[in-house]
Amino acid sequence: MPAYHSIFLQDTDVRLIANFPLSPLRTRTRGPAYTLPALPPNTPPETSPDPDHESYDPLDEILSLYRANTFFRNFEIKGPADRLLIYGILCVGELLGRVPKVGGGQREGEKALINAALEQFAIPGDAGFPLNQAFEAPRDRQDAEVLRQYLSQVRQELAIRLVARLYAGGSGTPSKVSDVSMNWNG
């Protein structure tokens, strides 16, 4: 069974920096991404819209494919949208590793995830970036700064959505059966 690829591969009108897409996001976090329309007010924050919905974005896809794609050792990159999917899956794994496993409640979990998302991170081309063989470096400092801002926006929005999914139902403890937390051993 092959890994799941991004449904956004056919989006050809997305700006690229090197070979990384700056896809539109459904977010209130400041950054260079074009903002998609918000979900209807009665939508629970822990759910994603249907992939055909105008507000479905690559972050919804990352969260829905996280479980399935973490089992694959190899992943054939078919386009820029797959690079965003790979980056997002790595980011979700990193964020899940920061969730407090015992005590603290939702507030502590939210604080830990947001702080992790805001920490200094490497971008493609930096020595500390884990997948430089699959990502091109930005061509100049201006592109590097825009990419860093976009990835920061992605990381912050993923953290916000993870909190909503992990602490759905208001129990105050992270859910071990969340649809994104299969690899989390709490």
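The legends below describe close-up views of a predicted model.

**View 1. Helices α1 and α2 cross in the predicted model, their axes coming within 9 Å of each other.**
Two packed helices are described by the angle between their axes and the distance between the axes. Helix α1 covers residues 58-69 and helix α2 covers residues 80-96, and their axes cross at roughly 70 degrees. Because angles of 65 to 115 degrees count as roughly perpendicular, α1 is described as roughly perpendicular to α2.

**View 2. Residues of α1 meet residues of α2 where the two helices are in contact.**
On the α1 side the contact is formed by P58, E61, I62, L63, L65, Y66 and N69, and on the α2 side by L84, L85, G88, I89, V92, G93 and L96. Sorted by class, the contact of α1 with α2 has 10 nonpolar, three polar and one charged residues.

**View 3. A18 lies in the loop between strands β1 and β2.**
Strand β1 spans residues 16-17 and strand β2 spans residues 20-21, with A18 placed in the loop that runs between them. The phi angle of A18 is near 60 degrees, which is a positive value in a residue other than glycine. A18 is partly exposed, with a relative accessible area of 27%.

**View 4. Helix α4 is largely enclosed by the rest of the structure, and D140 caps its N-terminal end.**
Helix α4, residues 141-166, has 26 residues and reaches 37 Å from its first C-alpha to its last, which is close to the 38 Å expected at 1.5 Å a residue. Of these 26 residues, 20 are buried, so α4 is largely enclosed by the rest of the structure. At the N-terminal end of α4, a side-chain oxygen of D140 lies 3.3 Å from the backbone nitrogen of Q142.

Note on methods: Residues are numbered from 1 along each chain as its sequence is written. This is a predicted model: local features need pLDDT of at least 70, side-chain atom pairs count only at pLDDT 80 or more; totals for chains, interfaces and linings use all residues. Side-chain values use heavy atoms; hydrogens and water are left out. Axes are lines fitted to C-alpha atoms, for helices over the stretch in contact, and angles run from 0 to 180 degrees between N-to-C directions. Helices (H or I, at least four residues) and strands (E, at least two) are DSSP runs, numbered from the N terminus. Angles under 35 degrees count as roughly parallel, over 145 as roughly antiparallel, 65 to 115 as roughly perpendicular and the rest as oblique. Contact means heavy atoms within 4.5 Å. Ala, Val, Leu, Ile, Met, Phe, Trp, Tyr, Cys and Pro count as nonpolar, Asp, Glu, Lys and Arg as charged, and the others, Gly among them, as polar. Buried means under 20% relative accessible area, exposed over 50%, partly exposed in between (1.4 Å probe, protein chains only). The expected span of a helix is 1.5 Å times one less than its number of residues. A polar contact is a pair of N or O atoms within 3.5 Å; within protein, one must be able to donate a hydrogen and the other to accept it, and residues adjacent in sequence count only if both atoms are side-chain atoms.
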